[in-house]
Amino acid sequence: MYGHFGSKEALQLATFDAAVEQFRQLVPARVPRTATGIERLRHLCDAWIDYLEHGGIAEGGCFLTAAATEFDGRPGPVRDAVAQAAGRWLAYLEHLAAAAVETGDLPPDTDPAQIAFELNGIAMSANQAIQLQRDDAAPQRARRAMHRAAGGR
């Protein structure tokens, strides 16, 4: 396998890139283009939890969360790629929260970065509860927590 990629690191980077693309197709791409403001953010949260619940590349939960956990303390190109992808994702969540503020769905004093942080934390916790604890109630708990963090119900 390494022969095709040239090195273990190149294989890891290619695998990570494939996981990011799959995540894009299974989460953000599922948000209806007609949704705006808070509804767009809520659709994204639901798609995200569906992804965590039903898996992506393979059984075993969110590949991106696993990669973040494995590489967060290691230097190098794989860690850099994981950190960049995580940063882009947080920026996207923040953008959606800011759009909900602009449409008046969230109060003007809402901190979009805080919403992004909370949603990401909920997803990481949900992934662990689903995978490690085998908690069947975790997806629904995570949906409720995300909707609450995103401004309501």
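The views below show a predicted model, in which local features need pLDDT of at least 70 and side-chain atom pairs count only at pLDDT 80 or more, while totals for chains, interfaces and linings use all residues. Residues are numbered from 1 along each chain as its sequence is written, and side-chain values use heavy atoms, with hydrogens and water left out.

**View 1. The largest pocket and its lining.** α5 (77-102) gives the most to the lining of the largest pocket, with nine residues. A pocket is an open set of points on a 1 Å grid over the protein atoms alone, where a 1.4 Å probe fits and protein lies on both sides within 12 Å along at least five of seven lines; lining residues have an atom within 4 Å of a point. The space in this pocket comes to about 590 Å³, a volume being the space filled by probe spheres set on the points. Of the 25 lining residues, Leu64, Ala85, Ala86, Trp89 and Asn120 lie nearest the pocket's centre. At least two lining residues come from each of α2 (8-26), α3, α4 (63-71), α5 and α6. By class, the lining holds 19 nonpolar, two polar and four charged residues, where Ala, Val, Leu, Ile, Met, Phe, Trp, Tyr, Cys and Pro count as nonpolar, Asp, Glu, Lys and Arg as charged, and the others, Gly among them, as polar.

**View 2. The packing of α5 with α6.** The axes of these two helices are 8 Å apart and meet at an angle of about 125°, with axes taken as lines fitted to C-alpha atoms over the stretch in contact and angles running from 0 to 180 degrees between N-to-C directions. α5 is therefore oblique to α6, as angles under 35 degrees count as roughly parallel, over 145 as roughly antiparallel, 65 to 115 as roughly perpendicular and the rest as oblique. In this contact (heavy atoms within 4.5 Å), α5 contributes Trp89, Leu90, Leu93, Glu94, Ala97 and Ala98, and α6 contributes Pro112, Ala113, Ile115, Ala116, Leu119 and Asn120. Ten of these residues are nonpolar, one is polar and one is charged.

**View 3. The packing of α3 with α6.** The axes of α3 (residues 37-54) and α6 (residues 112-131) come within 10 Å and cross at roughly 25°, which means that α3 runs roughly parallel to α6. Among the residues in contact are Leu41, Trp48 and Leu52 of α3 and Leu119, Ala123 and Ile130 of α6. The contact comprises ten nonpolar, three polar and one charged residues.

**View 4. The packing of α3 with α7.** Here the axes of α3 and α7 (residues 138-149) come within 10 Å, crossing at roughly 155°, so α3 is roughly antiparallel to α7. The residues in contact include Arg42, Asp46 and Asp50 of α3 and Arg143 and Met146 of α7. This contact divides into six nonpolar, one polar and five charged residues.

Notes:
Helix = DSSP H or I, 4+ residues; strand = E, 2+ residues; numbered from the N terminus.
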